[in-house]
Amino acid sequence: MIDLIDLRHELHRHPEISGEERITATRIVKYLGECNPSQIITDLGGHGVAAIFDSGQAGETILLRCELDALPIIETGEPPYRSTVEGKGHLCGHDGHMSIMIGVAQRLAKNPITRGRIVLLFQPAEETGVGAPAVIADEKFKAIKPDFAYALHNLPGMPLGHIGVKSGPMCFASEGLKISLFGRTSHASHPEDAVSPMKALIGLIDELTNLPAQLGIEPDHALVTICHASLGEPAFGITPGDAILMAAFRAENDALQAKLIENAAQCAKAYAEQHGLSSSISYDEKFAACDNNEAAATNIKNAAENLQLPMVRIDKPFRWSEDFGAFSAAGNTALFVLGSGEDCPQLHASNYDFPDSIMKTGIDMFEEIARKHCG
Ligand SMILES: [Zn+2]
Ligand SMILES: [Zn+2]
């Protein structure tokens, strides 16, 4: 069986971005094969892979999930196993998460479960938010629909090897809105003949930023980030005739998020009409909120206690999103965080690197959690 640190470095050297994880999936199938699972499912919701460890006895189906994809970011760190693919890097630690999951497979091979089934899911395209919904929509998922699903994410800024979890909202929902405004250009010397979206754009930037407050939502529960705005062309001779505004919306649960998005769309439409513009809205990178099931979160807490691992108290949900939220609809789920150290660069930073020293803790946690259900 492969050494897990060697495996992590091998994965790190060969990053593949969302939807392109073909070779990574092939590698994973190879190493999973060494662990004698009952079945391996491939091409799940894209390049996804699932290994089923079936006790042959009645019991629950427990899914443990990790991610296959890397990011389209140039790695500036210089580990000896630096990315060999220009412009792409494992800068979210999914190489570490995959190695942890192979570690779990190795433990299950050595010491098989006694009831139910454990499914180890290597999910594609987490970073774009399309992977989890695609896996769930895949016909092949019906055979592995879990009673409980668990995931972890490493977390820079949190002490090394510490565990954090809470029940209820754990990660915000998020979605991007692209608002296009269309008016009419004119010569810059005759702005009165144009229908410029300038005032609508300025108004919308302000209005959307303040939308949570206007809806009476506490600042801790939702936020809007203006990510991009453009108006007309970079030329002095033209009064602008169109504009684009891109904003990211986040809320701690899906209902609040739906309210926020609906109001933003109405607001955009109203501004366009008021200024004699036509408009269109497109939606992208939709992530459901991660809502931690109470029993599952308690199981995670108990696992950390049994393993005598240090825990960090988490009172509020994280404002970042995880497409693991999509699994909430398919069963009871919980996501926990594993500290990657106070000095670790942030996720998606160009010099980020998953700390190998927390790999064993991740494996111990998943094994403890899963064996509670499956022996
Ligand atoms: Zn990421
Ligand atoms: Zn990630």
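Me: Buried means under 20% relative accessible area, exposed over 50%, and partly exposed in between (1.4 Å probe, protein chains only). What makes Asp220 count as partly exposed?

Reply: Asp220 comes out at 43% relative accessibility, which falls between the two limits, so it's partly exposed. One caveat first: this is a predicted model, where local features need pLDDT of at least 70 and side-chain atom pairs count only at pLDDT 80 or more, while totals for chains, interfaces and linings use all residues. As for bookkeeping, residues are numbered from 1 along each chain as its sequence is written, chains are lettered from A and ligands numbered from 1 in the order in which they are written, and side-chain values use heavy atoms, with hydrogens and water left out.

Me: How do you know that Asp220 forms a salt bridge with Lys316?

Reply: The closest N and O atoms of that pair are 3.4 Å apart. A salt bridge takes a side-chain nitrogen of Lys or Arg within 4 Å of a carboxyl oxygen of Asp or Glu, so the pair qualifies. The partners are 96 residues apart: Asp220 is in the loop between α6 (211-214) and β10 (222-231), and Lys316 in the loop between β15 (311-312) and β16 (332-339). Those helices (H or I, at least four residues) and strands (E, at least two) are DSSP runs, numbered from the N terminus.

Me: Which salt bridge does Glu139 make, and what makes Glu139 exposed or buried?

Reply: Glu139 meets Lys142 at 2.9 Å, N to O. With 56% relative accessibility, Glu139 counts as exposed, and Lys142 at 60% is exposed as well. Lys140 bridges to Asp138 at 3.5 Å; here Lys140 is partly exposed at 35%, whereas Asp138 is buried at 15%. The structure holds 16 salt bridges.

Me: How do you know which atoms are donors of the zinc ion (ligand 1)?

Reply: Donors are N, O and S atoms within 2.8 Å of the metal (3.2 Å for Na, K and Ca), and water is not among the atoms, so sites may look incomplete. Cys92 (SG), two OE atoms of Glu127 and His348 (NE2) lie 2.0 to 2.5 Å from this zinc, so they pass.

Me: What makes the site of the zinc ion (ligand 1) irregular?

Reply: Its 4 donor atoms give angles of 55 to 153 degrees.

Me: Which residue coordinates both zinc ions?

Reply: Cys92, and the two zincs are 3.2 Å apart. The zinc ion (ligand 2) also has His94 (NE2) and His153 (NE2), with its donors at 2.0 to 2.3 Å. Cys92 lies in the loop between β3 and α3 and His153 in strand β5 (residues 148-155), so the pair ties together parts 61 residues apart in sequence. Both are buried: Cys92 at 6%, His153 at 3%.

Notes: Tetrahedral: all angles 85-135°; square planar, octahedral: opposite > 155°, others 65-115°.
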